[in-house]
Amino acid sequence: MLGPSGHLDTFARDNLPPPDQWPEIKLDGFDYPEWMNAGVELTDRMVERGFGDNTALIGNGRRRTYKELSDWTNRIARALTEDYGLKPGNRVLIRSANNPAMVACWLAATKAGAVVVNTMPMLRSGELAKIIDKAEISIALCDTRLMDELVACAKESRFLKQVIGFDGTANHDAELDRAALNKPVRFESVKTGRDDVALLGFTSGSTGVPKATMHFHRDILIIADAYAKEVLDVTPDDVFVGSPPLAFTFGLGGLAVFPLRFGAAATLLEQATPPKMIEIIETYKATISFTAPTAYRAMLAAMDAGADLSSLRIAVSAGETLPGPVFDEWVKKTGKPILDGIGATEMLHIFISNRLGDSRPACTGKPLTGYEAIVVDDDMNEVPRGTIGKLAVKGPIGCRYLADDRQKDYVRDGWNLTGDSFVEDEDGYFHFAARSDDMIVSAGYNIAGPEVEAALLKHEAVLECAVIGVSDEARGTIVEAHVVLVKGAEPGELMVKILQDHVKAVIAPYKYPRSVVFTDALPKTESGKIQRFRLKQKPSA
């Protein structure tokens with residue numbers, strides 16, 4: 001039963017899945033007021049609790065206190081409502097790299113009662129258009145350095161009416177910044193319900209057609225009060241650092257929600273390469289790191305060259321499974337824990353994790369308090385321990401897709417089916433086996449093979465193609481394209497580069513095929529369906 005809503009624009013609540021398609025939601029131990037605004041809880045409320053002078057955000061060479069963040073977000077919220085006509089329940093898209101201004105825009109829009117859609121800065125106009133159409137987004141806030149793709153999208157969009165620029169650097173000299181500067185630092189935040197949708201997390205799914213996961217104001221606090229409190233034991237002295245984009249719920253939790261919920265500090269990097277992360281760790285004595293195993297491998301190598309990571313007390317690994325050798329080497333070299341865990345955009349954040357004092361290699365851990373997990377067969381029967389099956393989870397947060405028939409595939413019998421194959425051992429620990437679908441997870445990024453195929457097929461030299469994921473020592477898995485060229489097109493290194501550059505221009509660059517294999521024909525069934533499993537059995541190029 002949903003509580004009251006503060007939204008005037010009822011689009012989000014109107015497009016929740018039918019109640020009989022919801023997962024079972026277990027809220028025991030997670031009690032919040034009926035009326036609650038997550039943006040207020042992470043800013044104004046922290047100032048009231050005495051954290052006003054604590055550093056909240058570090059980025060672009062500046063530190064901002066909780067009081068400064070509270071004032072900043074209140075001014076932006078006033079500008080959005082008074083100058084741009086934002087109404088509670090309107091969807092607002094934010095396009096930016098990781099920087100304090102993006103966090104401020106997210107919190108301000110949340111305070112103003114918006115349903116926020118954070119997006120990756122690498123997305124192209126065609127990808128943005130799918131998101132805007134799905135969520136019927138009318139307002140977009142964009143770092144002025146990233147306007148081109150969004151402006152191009154807006155010209156064709158029947159929904160997007162306003163693209164408002166903000167300055168993602170430390171200068172704060174763009175349209176939204178100037179509007180906010182003239183506003184008072186006090187704002188009467190919108191009275192939203194704890195069950196009002198606050199966030200839409202987009203995930204491509206294995207087909208490449210975007211799905212929007214719907215998360216309530218209470219959900220944003222639950223991930224902090226569950227995972228961050230229980231597993232990380234966050235204190236105001238902690239300093240967070242990480243590589244995942246804030247547009248990923250993994251990044252939004254680890255680099256915004258978790259530190260701000262407990263009076264800690266977040267360092268934000270626009271280019272979060274391992275060398276940059278190492279520099280930030282050394283400069284600001286970061287204590288908690290969020291990144292994928294790929295980056296931890298690079299950080300281990302840097303330690304051999306003299307990098308000082310001794311300030312870190314916890315390394316969190318997610319996005320892809322943590323290989324046992326990386327776990328062993330990290331613990332050996334640092335003497336500190338590296339905690340593997342699994343989350344999902346549908347579940348907002350991590351729900352199974354190793355713990356401090358209870359972590360082991362090649363193991364994802366146990367469910368958080370308030371969550372249940374089982375391993376099932378295709379008929380939803382729990383399989384014997386030690387047997388590979390599908391991971392099913394339930395807890396205080398669950399999958400709610402915005403107007404999407406795939407809801408009934410993800411949720412069955414009240415359980416969330418994450419699309420991962422797992423084994424539960426005799427002691428109740430969960431071990432990752434494989435993705436259950438054709439999603440390619442490379443260096444922590446989810447990449448849908450069909451989307452890459454569609455991009456390749458737009459090139460005049462490509463007759464047909466198939467995309468698979470293949471093992472890679474550095475990135476865990478990489479995208480490999482098997483390509484049949486049109487008659488007269490020449491295979492070779494030049495064609496590889498041409499096709500890779502083409503894909504980078506059509507879709508987000510991180511999705512490009514790092515390996516391209518030219519072939520005369522693709523394996524197919526009698527009906528003509530490409531047999532990708534046979535490509536996976538072949539040695540890669």
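Tutor: Two strands are said to pair if DSSP finds at least two bridges between them. With that in mind, and remembering that this is a predicted model, let us look at an open sheet of 3 strands, whose order is S23-S24-S25 and whose pairing is mixed. In general, strands of a sheet pair through backbone hydrogen bonds, and they do so either parallel or antiparallel. Strand S23, residues 462-472, and strand S25, residues 515-518, each have a single partner strand and stand at the edges, so one side of each is left without a neighbour in the sheet. Going from one strand to the next, the twist averages 25°.

Turn now to the pairing of S24 with S25. Strand S24 covers residues 476-485, and its pairing with S25 runs in the parallel sense over 4 bridges. To find a place where you can follow this residue by residue, look for Glu480, which stands opposite Ser515 in S25.

The sheet also has helices set against it. Helix H15, made of residues 449-457, lies across S23 and S24, and it runs at about 145° to S23. Helix H16, made of residues 493-506, packs on the sheet as well, where it touches S23, S24 and S25. The direction of H16 makes about 125° with that of S25.

Methods: Residues are numbered from 1 along each chain as its sequence is written. This is a predicted model: local features need pLDDT of at least 70, side-chain atom pairs count only at pLDDT 80 or more; totals for chains, interfaces and linings use all residues. Side-chain values use heavy atoms; hydrogens and water are left out. Helices (H or I, at least four residues) and strands (E, at least two) are DSSP runs, numbered from the N terminus. Axes are lines fitted to C-alpha atoms, for helices over the stretch in contact, and angles run from 0 to 180 degrees between N-to-C directions. Contact means heavy atoms within 4.5 Å.
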